[in-house]
Amino acid sequence: MRFIKSVEPDMVNEILDELVKSGYLSDSRFTESFIRQRVMQRHGWQRISYDLKSKGIAGELQQSLYEALAIDWVELAYEAWQKRFNQLPERGDRKEYARQMRYLLQRGFSNAEASSALRLAAESLQD
């Protein structure tokens, strides 16, 4: 079997265009699959959006899928917190509270989503 050592850029573009036209390549399908995969890994929208931008996915496509998927980001942040900690910091332990918040923020949740997730955790553990 012989491998082609050099390929004309025009030929590559022509082949890619044909694959897109035939439906074998789709940014929309890739983006939806990528978002679902990251949600399953309990990542927040900010992290997912950053990763998609680094892969060259347009912001309009991200936004349309963000709205179409209708994910409860607070609930997802709570699930991420629960999997990692499942225990609230002692009352007045600002250092541990900050550590838990930082964890959620680093996973890509907004400050409001992370705060709401910790409030939800406090309510669920009181019951």
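Modeller: Start with Tyr97, which counts as partly exposed because its relative accessibility is 34% (buried is under 20%, exposed over 50%, partly exposed in between, with a 1.4 Å probe and protein chains only). This is a predicted model, in which local features need pLDDT of at least 70 and side-chain atom pairs count only at pLDDT 80 or more, while totals for chains, interfaces and linings use all residues. Residues are numbered from 1 along each chain as its sequence is written, and side-chain values use heavy atoms, with hydrogens and water left out.

Tyr97 sits in helix α6 (helices are DSSP runs of H or I, at least four residues, numbered from the N terminus). Setting aside residues up to four places away in sequence, Tyr97 touches Pro89, Ser115 and Leu118 (contact means heavy atoms within 4.5 Å). Asp72 lies 25 residues from Tyr97 in sequence. Their C-alpha atoms are 23 Å apart.

Now the packing against α7. The axes of α6 and α7 are 9 Å apart, at an angle of about 130° (axes are lines fitted to C-alpha atoms over the stretch in contact, and angles between N-to-C directions run from 0 to 180 degrees). So α6 is oblique to α7 (under 35 degrees is roughly parallel, over 145 roughly antiparallel, 65 to 115 roughly perpendicular, the rest oblique). The crossing of α6 with α7 is right-handed (the near helix is turned clockwise from the far one by less than a right angle). From α6 come Tyr97, Gln100, Met101, Leu104 and Leu105. They meet Asn111, Ala114, Ser115, Ala117 and Leu118 of α7. This contact of α6 with α7 has 7 nonpolar residues, 3 polar and no charged (Ala, Val, Leu, Ile, Met, Phe, Trp, Tyr, Cys and Pro are nonpolar; Asp, Glu, Lys and Arg charged; the others polar).

The loop between α6 and α7 holds Ser110. Ser110 counts as buried because its relative accessibility is 18%. Beyond its neighbours within four places in sequence, Ser110 contacts Gln46 and Leu105.

Next comes α5. Helix α5 covers residues 73-84 and helix α6 covers residues 94-106. Their axes come within 10 Å and cross at roughly 125°. The pair α5 and α6 is therefore oblique. Their crossing is right-handed. On the α5 side are Ala77, Ala80, Trp81 and Arg84. On the α6 side are Arg99, Gln100, Tyr103 and Leu104. By class, the contact of α5 with α6 has 5 nonpolar, 1 polar and 2 charged residues.

Leu104 of α6 takes part in the contact with α5 and in the contact with α7. Leaving out neighbours within four places in sequence, the contacts of Leu104 are Ala77, Ala80, Trp81, Phe109, Ala114, Ala117 and Leu118.

The largest nonpolar core has 24 residues (a set of buried Ala, Val, Leu, Ile, Met, Phe, Trp, Tyr and Cys joined through side-chain atoms within 4.5 Å). Leu104 is among the residues with the most contacts inside this core, along with Ile35, Ile48, Trp73, Trp81 and Phe109. At least two core residues come from each of α2 (27-40), α3 (45-54), α4 (59-69), α5, α6 and α7 (111-126). Helix α5 gives the largest share, 6 residues.
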